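Subject: Structure handover

Hello,

Here is the structure I said I would pass on. Please open it next to this email and follow along; my notes come after it.

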Amino acid sequence: MSQWERLKKLPAAFTQQIYDLYDRDDLPMGVRHYLSVWIESQEWQRAANDDDLAMVLFQVLLENLDNQYSRFVQEDSFLMQHNIRGYKQHFQRYLENPRELANTIYWFLEKEKEILQTAELAEQVRVLQVQQGGFATSTHSDLDQRMASLKNEVQCMERTLMCLEEQQDEFDFKYQTYMMEATATGTDNSANPQQAKFQLLINELNNCRKKTLIGLNKILDRAGDLIDSLVNKEMVKWQRRQQKSCIGAPDSVCLDQFEKWFTGVAEFLFQVREFLSKLEELAGKITYENDPVKTQKPFLQRRTEKLLGDLLKSSFVVETQPSMPQGKGPLVLRTGVQFFVKTRLLVKFPELNHSMKVSISMDRDAPQIKGYRHFNVLGTTSKALNMSESQSGGMAADFRHLNLKEQKSGGGGKGANDISLSVTEELHIIYFNTLFELKGLSVELQATSLPVVIISNSSQQQSAWASVLWFNMLSLDTKDVLFFAKSPVATWPQFGEMLSWQFLSATKRGLNDGQLEMIAQRLFGKQQSYDICSVAWSKFSKENSPDTFWVWFDSIVVMVKTYLENLWRDELIMGFVTKGKEKTLLKKKQKGTFLIRFSESVIGGITFSWVENSETGEAVVRTVQPFTKMDISQIPFPEIIRHFLILKEVPQNPLVYLYPDIPKDEAFGKYYADKSGNDSPYLKYIKTRLVFALKGDTLEAVLPITSNVTEDEVLQPMSGPCGEVVGQTGDSLASPLDNYHLDPMLCDSVATPGEDPMYPSNANHFFDNDIFIDEPLVPTSL
């Protein structure tokens, strides 16, 4: 297939580039179309340097046009006859310099190849996107195509200016020669017919200048559309993605592609400035009345610099938001504790490396609220943008040793004194300023951080992170420091997605629909649909303090991240499931089936329930008292599952199958200690085994058994692990064990006699009072 045929089959975006390429007089598209096969079969590059070959090809070209003309005469195509005659007349200007025609045709063929290569690359990217699940958006492909089209326009304009300069130089040479001859002969040539010829040449030069200015205006139109897409659409989307990524969303915030776009457009606009300077230079050599360069160039200059300014001001961004190395997440800062932040300039010019200084300030537009605190930024507050502080080689300034100090002059003053914000609802903005200076252009740039919450004590961090979550989940105005003065509500879809992000960012596994439904039921009660439900800020993090919904949820995230991450990622923990749903699931399963869930009433608690048969054969669901972070920090949770025993006539582990039907050892085996049985490192030093005694309708972790008890031995009653005597029942527990060895892992600095070794003495902290009641749990209203 010929090159021209391939071009005609390109998608619409690339077809437009072909139209733009041939939107000039150098090589009419009609000639390219009707003589496509012949044109592509000639050696135009060699002809551009060979006068004889160039003349031969020029003459053959005219003959081919004559043949086309004869064809259209036979077809009685009046319009095409007219067009062919025009084309032939157009090429007569190359009679004295056929090499210029050869060079022109060769240039057009090379530009066509570039468009084809761009289209082929775009198709490869599209196929790759499909294979990878659409990683890049169609919007990005569209921007790439528009960038390629703009590049093509600029390159064509560069050639147009070269031709314009050659045309002007030719006119100038001929005219100066003519005037010198007239001066030498002393004749008056004002009425000479040659003068009329020069008038035609100057008219042609004027038309070329007008077309050049129209072409420059067209380039600025395209650049303006691209800048609008980049600044007002794509960067706004990126900023929103950055907000969401700060609170755990898996959104990409890579700026490398943006750097290519911004740098490309900036380079094109700087070239336009050079084109305008070249036009001014040409007009300085030859000018005339109503010269379009003199009238239109100032406007184009102002427009170019306005577009450059808009692009540059949006190209300076905060790439990495302020964060403490050991913080819970970004945007929570503590006074006196170092934090880091990175800025980046998306317009990358190597000549600016290390020359642009970035300075930091804070709260320039702080609200006038009584009690609103003010801070100074301390540390290295000025750095140069450079390419060594970015992995991709971008222009970055990476601030690593900053800290905050509160001003002691008092906060606020006059203003909205009726607004009351807590410390963790108070939002602050950090400002970054620099000056862009290049090729006579000077633009002041400023970037701002997302609002940060500043605390003075680590105990405020959990509440501060809640504020960061709420703001970045809901606010589209990244400078709204009074957001919490009247915070909007969150819809359940927004809220549930944000909760899932917390698990996803901490453990690489988010929440499924069933788990989210349990949380929604806890918040709103049983509903047909939760999509219309909403959560207020006060319900999320202020009501029922200190045990707010957020404290309950975040404690679970911390526990899972610290101690249970692998189990959670392997989906061995069902996690969020109501007691009612739990009983419904388990009662349908075989004896010994169990599942693991988070406690609804114990902060940071995890428990498991299993199904067994009662004396009447009815399926009964039993639940162990919740384990806390302290418990599983001493004994790994898989070991608890592995060694869990119930004291009946013979100690037995009731946990056989992880829901729905996975054998326990198959599910948890890879997490067991290397040694098993009495050689387990968790039993080696204490000679005891973790046992739970069923007393009435309550399970209590109160009874150890010496590790050398075998399956066939009769278990004797014994004292609790911290020295207390087990409460006696009518038929099983009777007397203490004489030679009991204290278990340091189970007791853990317990001082009060009779206290449960696994839990604090305050039973209300972790016991579900209805732990063995079969009716469904009534959702807690927050």
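A residue is called buried when its relative accessible area is under 20%, exposed when that area is over 50%, and partly exposed in between. The model is a predicted one, so please keep that in mind throughout.

Two loop residues come first. N290 is in the loop between α11 (256-285) and α12. Its relative accessibility is 65%, so N290 counts as exposed. The phi angle of N290 is near 60°, which is a positive value in a residue other than glycine.

L331 sits in the loop between β1 (316-323) and β2 (332-334). Phi is positive here too, near 75°, and L331 is likewise not a glycine. Is L331 buried or exposed? With 0% relative accessibility, L331 counts as buried.

In general, the strands of a sheet pair through backbone hydrogen bonds, in either a parallel or an antiparallel way. In this model, 4 strands make an open sheet with antiparallel pairing, in the order β6-β4-β9-β10. The edges are β6 (382-384) and β10 (441-448); each has a single partner strand, so one side of each has no neighbour in the sheet. On average, and ignoring direction, neighbouring strands of this sheet are turned by 25° against each other.

Within the sheet, strand β9 (residues 430-438) and β10 run antiparallel and are joined by 8 bridges. F436 is opposite V443 in β10. Helix α12 (residues 292-315) lies across β9 and β10, and runs at about 30° to β10.

Last, a pair of helices. Helix α13 (residues 461-474) packs with helix α14 (residues 492-507) at an angle of about 130°, and their axes are 11 Å apart. The crossing of α13 past α14 is right-handed.

Which residues make the contact? On α13 they are W465, L469, W470, M473 and L474, and on α14 they are Q494, F495, M498 and Q502. Sorted by class, the contact of α13 with α14 has 7 nonpolar residues, 2 polar ones and no charged ones.

Regards

Note on methods. Residues are numbered from 1 along each chain as its sequence is written. This is a predicted model: local features need pLDDT of at least 70, side-chain atom pairs count only at pLDDT 80 or more; totals for chains, interfaces and linings use all residues. Side-chain values use heavy atoms; hydrogens and water are left out. Axes are lines fitted to C-alpha atoms, for helices over the stretch in contact, and angles run from 0 to 180 degrees between N-to-C directions. A crossing is left-handed if the near helix is turned anticlockwise from the far one by less than a right angle, and right-handed if clockwise. Contact means heavy atoms within 4.5 Å. Ala, Val, Leu, Ile, Met, Phe, Trp, Tyr, Cys and Pro count as nonpolar, Asp, Glu, Lys and Arg as charged, and the others, Gly among them, as polar. Two strands pair if DSSP finds at least two bridges between them. Buried means under 20% relative accessible area, exposed over 50%, partly exposed in between (1.4 Å probe, protein chains only).
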